[in-house]
Amino acid sequence: MNKIKVNLNRRISASYEILIGRNILDRGGMILQRNNWADRYFLAADETVASLHGERTAEILRSAGLSVEILTLPAGESAKKMDTVLSLVGGLLRLGADRASGIIALGGGVTGDVAGFAASIFMRGIPYVQIPTTLVAQVDSSIGGKTGVNLDEGKNLVGAFHQPKAVIIDMEFLRTLPEREYRNGLAETVKYGIIDDPGLFEVLESEAEKILERDMDRLSEVVPRSCSIKKGIVEIDERELGIRKILNFGHTIGHALERESDGAIPHGEAVAAGMIAAAHISEKMGYLPAADRLRIEGLIRRVGLYRPIPPSLATEGIVSRLRYDKKKKGGEVSFVLLKKIGIPFSNGAVEGEVIAEAVEALRKA
Ligand SMILES: NC(=O)c1ccc[n+]([C@@H]2O[C@H](COP(=O)([O-])OP(=O)(O)OC[C@H]3O[C@@H](n4cnc5c(N)ncnc54)[C@H](O)[C@@H]3O)[C@@H](O)[C@H]2O)c1
Ligand SMILES: [Zn+2]
């Protein structure tokens, strides 16, 4: 089992531990029991995760001496909204939860974001613990304390920073994850390699097949390494004021593709395309050697995340979406670009023409 400590500025929020391993729920339960963060726990899971893993997880935690009751949420991105938060809060009240209660978010990023947000506002804030079950949640959303929901006007527009008391990552959960969800999660690990860890990038290159097969020995290297990178960046910049922006590598064009396709292109594939485009822009602007761009593109193809963007999505439409990017500042599209694999930087001004050319390049199979 790996342990990673997230050290945060004490004036803002407390530090916490990320436990990573296989079949570690019993160890996680002991930690919750020992720390006594809450006298009753309410485990929130979406319908899919609840039926696959809810009862078993609750039972393991109960055998560590915890009081655990299950609350079920609807599954999917469409459930990431205020209504779901309010019905979760309603469920907590019905079961008699109070300020001494805690929430356990068991599931993917949607459950973590919704349940974490509910924990941040229930009785002005109660503790919560993350038990992520998707690859996206294990290497990304469960770490960093960002919680929240979507509005009709856009994604993640309401939320709070609320750090979990602990994150318990049991990689065995990944075995039941649908293939497309799993691959989508790999986009974030590829991103970590590109922005911070050329060694991880090399492991992904040389072990791509094994990783696609969910070989647990390989995942035991890739998952903790990814978590360390996210935690390192979050520690320096808990509130996303500066360096945390490099986590948006590939996400500027990625988000535009997601929105322009109305969600038909899933997040991981959209970010993968965005990373190739960002590499292309970096090369065009004279920062990134062509060889690095080719390696990035090659790895994305090997892990099955490369899809040419469909002709039905016009380049103009995609580029115009960028203007509405909330990461944009003062009228220019701000991009995270690369000097080489492992060396990202934030560039405030990329011309529309260069962006359009990079998008066009994504049409080739
Ligand atoms: N808070 C953050 O910092 C942060 C970071 C990245 C992403 N996010 C958010 O996370 C969300 C995406 O997360 P996600 O991809 O995990 O989505 P998700 O939570 O919707 O999970 C994807 C699907 O997989 C199912 N599932 C989950 N675990 C499973 C398992 N072990 N076996 C079988 N099925 C399983 C779920 O029921 C769901 O249908 C987005 O809303 C995104 O905005 C948040
Ligand atoms: Zn992402």
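This is a predicted model: local features need pLDDT of at least 70, side-chain atom pairs count only at pLDDT 80 or more; totals for chains, interfaces and linings use all residues.

Reader: What makes the contact between H10 and H13?
Author: From H10 come Thr252, Ala256, Leu257, Arg259 and Glu260, and they meet Gly317, Ile318, Arg321 and Leu322 of H13. By kind, the residues of this contact divide into four nonpolar, two polar and three charged.

Reader: Why are H6 and H7 called oblique to each other?
Author: The axes of helix H6 (residues 179-196) and helix H7 (residues 198-206) come within 6 Å and cross at roughly 135°. Since a roughly antiparallel pair needs an angle over 145 degrees, H6 and H7 are therefore described as oblique. Here the crossing, in which H6 passes H7, is left-handed.

Reader: Which residues of H6 and H7 meet?
Author: Thr189, Val190, Tyr192, Gly193 and Ile194 in H6 meet Pro198, Leu200, Phe201 and Leu204 in H7. The contact of H6 with H7 holds seven nonpolar residues, two polar ones and no charged ones.

Reader: Now to the sheet: why do strands E1 and E4 stand at the edges?
Author: The sheet is open and has seven strands, in the order E1-E2-E9-E6-E5-E3-E4, with mixed pairing. Strand E1 (2-6) and strand E4 (68-73) each have a single partner strand, so one side of each is left without a neighbour in the sheet. From one strand to the next, the twist averages 20°.

Reader: How do you know that E5 and E6 pair?
Author: Pairing needs at least two bridges, and five bridges join strand E5 (residues 101-107) to strand E6 (residues 128-132), which run parallel. Within this pair, Ile103 stands opposite Tyr128 in E6.

Reader: Finally, which residues are closest to ligand 1?
Author: The closest of the 27 residues that surround ligand 1 are Thr48, Gly108, Gly109, Thr134 and Ser141. The elements giving two or more residues to this shell are H2, helix H4 (109-121) and helix H5 (135-141). The shell around ligand 1 divides into eight nonpolar, twelve polar and seven charged residues.

Conventions: Residues are numbered from 1 along each chain as its sequence is written. Chains are lettered from A and ligands numbered from 1 in the order in which they are written. Helices (H or I, at least four residues) and strands (E, at least two) are DSSP runs, numbered from the N terminus. Axes are lines fitted to C-alpha atoms, for helices over the stretch in contact, and angles run from 0 to 180 degrees between N-to-C directions. A residue is near a molecule or strand if its C-beta atom, placed from the backbone, lies within 6 Å of it. Ala, Val, Leu, Ile, Met, Phe, Trp, Tyr, Cys and Pro count as nonpolar, Asp, Glu, Lys and Arg as charged, and the others, Gly among them, as polar. Two residues are in contact if their C-beta atoms, placed from the backbone, lie within 7 Å. Angles under 35 degrees count as roughly parallel, over 145 as roughly antiparallel, 65 to 115 as roughly perpendicular and the rest as oblique. A crossing is left-handed if the near helix is turned anticlockwise from the far one by less than a right angle, and right-handed if clockwise.
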